[in-house]
Amino acid sequence: MNNKDIDNLFKDTVLGHPAGLFVLFFTEMWERFSYYGMRALLILFFTASIMDEGWGWPREWAYAIFGTYTSLVYLSALLGGYFADNVIGIRKAVLVGALLMTLGHACMAVETPFFIYAGLGFLVFGSGFFKPNMTSIISEMYNGKPEKKDGAYTIFYMGVNAGAFLGILLCGYLGETVGWSWGFGVAGIFMLFGLLQFWLIQDIFGNIGKGVKNENVDIIDEMLDDSNENIQDNEKRNPFTSIEKVLIGISSILGMLWIFNDPISKISEGRYNIFPFEILGVSGASFAIILAFLIFISLLLMRIPRYEKITRDRMLAVTFFCFVTIFFWAIFEQSPSSLTIFAKDYTQRTLEGTSGLIFKIVNSLMTIVPLGIITWVLYLLFKKTFSKYALSNIVLTLSFVIVWGIAFWMLSAEFQKDVTEVPASWFSILNSLFIITLAPFFSKWWESKYNPNANMKWAIGMGLLGLGMACVAIGASGIPVGAKTASVSMIWLILVYLFHTMGELCISPVALSYVSKLVPGRMIAFMFGVYYLAVAIGMKLAGVFAESSEAIAEEKGLSSFFWLLTLISLALAVLSAVLYPVIRKLMHGVK
């Protein structure tokens with residue numbers, strides 16, 4: 001897209017940015033609303049008793065399928081990005097993704113095994129097509145305007161968190177108090193609104209994302225970008241050999257089979273097992289994932305030494321950051337799994353008298369103020385775009401009328417109760433609330449002279465993660481070994497989400513930035529793939545950790561499980577700090 005086309009986008013601005021940015025803001029907001037709204041209910045639905053209209057699953061089963069689902073969501077982004085660039089184009093990929101996710105949420109509302117599993121499948125592929133391509137549109141919109149890009153991503157990120165906040169709040173409340181299908185169904189309705197709004201107004205983007213970037217590109221060479229001989233670079237080529245591609249294939253297949261086999265073998269109680277054998281006393285599943293890991297490590301050892309020194313050193317630095325990232329997400333993502341169960345079964349959530357009234361007032365302000373601000377932004381967009389895109393604006397306005405209606409109904413229903421029971425899913429909204437509140441302060445910190453180096457950001461992030469886990473470990477210290485219920489104070493969970501959010505702000509927003517700075521342009525696709533692979537492994541490992549919480553709680557008490565995660569976090573924080581001189585040297589001047 002040429003500069004003249006980009007300049008045309010900036011003719012009609014909202015808060016100093018193209019109106020198209022706010023189209024993406026609201027589309028992404030409703031997608032995050034649906035994703036996090038459904039996600040907040042999934043573990044609760046699986047583990048709720050049959051009497052409570054759930055499936056009555058053991059927690060281990062729920063954790064296993066949840067870990068597989070979240071890891072596949074991140075892995076699918078690689079596939080969706082490839083198809084967008086080489087097959088259907090970015091905008092069509094967004095529409096396909098939104099449609100698949102709408103179908104997925106509709107399936108989830110049916111609540112039968114076939115439709116729940118089909119719904120999760122649609123959601124995985126839909127997210128893969130949708131998620132990476134929304135940010136690609138922003139990148140193209142601001143091509144040649146780097147001074148505006150940081151502000152644009154900040155606005156977009158606020159949309160992400162606003163959607164997550166509202167989705168968990170409203171879908172969580174409906175699912176827990178009215179019925180699971182209501183929570184799942186409302187998530188689907190707002191995903192449909194996001195789809196319709198984007199489809200009806202997509203011409204506002206001009207030619208952005210309309211065509212296919214690359215045609216007739218080999219899928220392996222496209223995803224393993226370093227083997228593309230047509231890209232100019234001063235450093236000699238280091239193409240992937242046929243043997244390396246075969247090893248990548250074997251490692252990937254074994255890893256994917258293990259990811260699927262974990263929940264399948266547990267839920268079927270061993271009747272269906274992809275690895276029904278033992279080798280040297282090790283179960284087939286464990287042997288497969290160990291072999292996949294060893295093959296992957298071997299590939300790194302084979303390839304990295306073949307690069308020139310600076311590239312090799314920087315790749316080692318990226319590898320270290322990816323290693324820490326795995327454990328960050330494995331522990332951080334206890335939020336929708338073990339921490340949600342802790343909120344449901346081990347936290348005192350019943351409030352009466354003054355404490356109940358205070359919660360109702362705070363919850364009302366937390367609901368109405370963000371909705372009011374977002375509605376004001378909607379009004380600004382409405383003024384700029386209604387004359388050309390009336391139907392899209394009407395759809396978007398209708399979505400807000402419905403969400404305001406649900407919000408007022410929820411708040412009214414709660415004020416009529418003498419005793420307030422805080423939904424277990426409510427605590428998950430604290431992450432988005434704290435991000436919206438704290439992000440500006442962290443942004444100022446990164447821009448000041450006190451901006452820490454990369455290693456220290458990871459060290460601080462992992463330290464805060466450990467501090468959060470220490471809080472819930474202390475809170476759980478009075479729970480007897482093997483206990484299935486308790487009444488721990490809510491303050492411990494609130495502190496967990498406060499410290500974990502601060503840790504996230506130290507690591508998550510800057511991770512991709514460091515990957516892009518540390519590797520040559522021709523290797524960006526491959527190294528982003530490695531980074532997302534690390535996130536996906538972390539997501540699956542989160543499920544594995546949560547599964548282990550049950551056995552640890554039975555043997556040593558639930559507090560021991562949280563102390564274990566505390567020690568892992570703090571150990572990696574210390575490691576990141578201690579290795580600062582080494583990693584700084586490997587980064588060769590990259591700040």
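## Cavities

In this predicted model, a search of the whole structure turns up six cavities of 30 Å³ or more. The largest cavity has a volume of about 90 Å³. Its lining consists of 14 residues, and those nearest the centre are Y173, N363, M410, P423 and W426. Four elements, α6, α13 (353-385), α14 (390-415) and β6 (419-421), each supply at least two residues of this lining. Helix α6 gives the most, with four residues. By class, the lining of the largest cavity divides into eight nonpolar, four polar and two charged residues.

The second largest cavity holds about 60 Å³ of space. Its lining is made up of R59, Y63, S338, I341, F342, Y346, S549, E550, A553, L558 and F562. At least two of the lining residues come from each of α3, α12 (338-346), α18 (524-555) and α19 (558-578). The largest share belongs to α12, with four residues. Seven residues of this lining are nonpolar, two are polar and two are charged.

## The second largest pocket

The second largest pocket has a volume of about 400 Å³. It is lined by 20 residues, and E176, T177, W180, R349 and E421 lie nearest its centre. Helix α6, which spans residues 146-177, gives the most to this lining, with four residues. Helix α6 also gives the most to the lining of the largest cavity, again with four residues.

For the largest cavity the corresponding counts are eight nonpolar, four polar and two charged.

## Salt bridges

Side chains of opposite charge can pair when their charged atoms come close. The structure holds 16 salt bridges. One of them joins the side chains of K131 and E28, with an N to O distance of 2.8 Å. This pair links distant parts of the chain, since K131 belongs to helix α5 (residues 113-141) and E28 to helix α2 (residues 19-47), 103 residues apart. K131 is partly exposed, with a relative accessible area of 30%, whereas E28 is buried, with a relative accessible area of 0%.

A further salt bridge connects E554 and K484, whose side chains meet at 3.0 Å, N to O. E554 lies in helix α18 and K484 in the loop between α16 (454-475) and α17 (491-518), so the pair ties together parts that are 70 residues apart in sequence. Both partners are partly exposed: E554 has a relative accessible area of 44%, and K484 has one of 43%. Elsewhere, salt bridges that share partners join E28, E31, R32 and K131 into one network.

K344 forms a salt bridge with D345, and the closest N and O atoms are 3.1 Å apart. K344 is partly exposed, with a relative accessible area of 27%. D345 counts as buried because its relative accessible area is 15%, under the 20% cut-off.

V87 is found in helix α3, which covers residues 59-88. Helix α3 is also among the elements that each supply at least two residues of the lining of the second largest cavity. V87 is partly exposed, with a relative accessible area of 43%.

Leaving aside residues up to four places away in sequence, V87 touches Y82 and V212. The C-alpha atoms of V87 and G211 are separated by 9.0 Å, although these two residues are 124 apart along the chain.

## Confidence

The mean pLDDT of the protein chain is 87, and 92% of its residues reach 70 or more. Confidence is highest in α19, at a mean of 96, and lowest in helix α8 (residues 219-223), at a mean of 55. Over residues 228-232 the pLDDT is below 50. Beyond near neighbours in sequence, this stretch has seven contacts in the model. Where pLDDT is low, the predicted coordinates should not be read in detail.

Notes. Residues are numbered from 1 along each chain as its sequence is written. This is a predicted model: local features need pLDDT of at least 70, side-chain atom pairs count only at pLDDT 80 or more; totals for chains, interfaces and linings use all residues. Side-chain values use heavy atoms; hydrogens and water are left out. Buried means under 20% relative accessible area, exposed over 50%, partly exposed in between (1.4 Å probe, protein chains only). Contact means heavy atoms within 4.5 Å. On a 1 Å grid over the protein atoms alone, a cavity is a set of points where a 1.4 Å probe fits but cannot get out, and a pocket is an open set with protein on both sides within 12 Å along at least five of seven lines; lining residues have an atom within 4 Å of a point. Grid points are joined across faces, edges and corners, and a volume is the space filled by probe spheres set on the points. Ala, Val, Leu, Ile, Met, Phe, Trp, Tyr, Cys and Pro count as nonpolar, Asp, Glu, Lys and Arg as charged, and the others, Gly among them, as polar. pLDDT is the predictor's confidence in each residue, from 0 to 100. A salt bridge is a side-chain nitrogen of Lys or Arg within 4 Å of a carboxyl oxygen of Asp or Glu.
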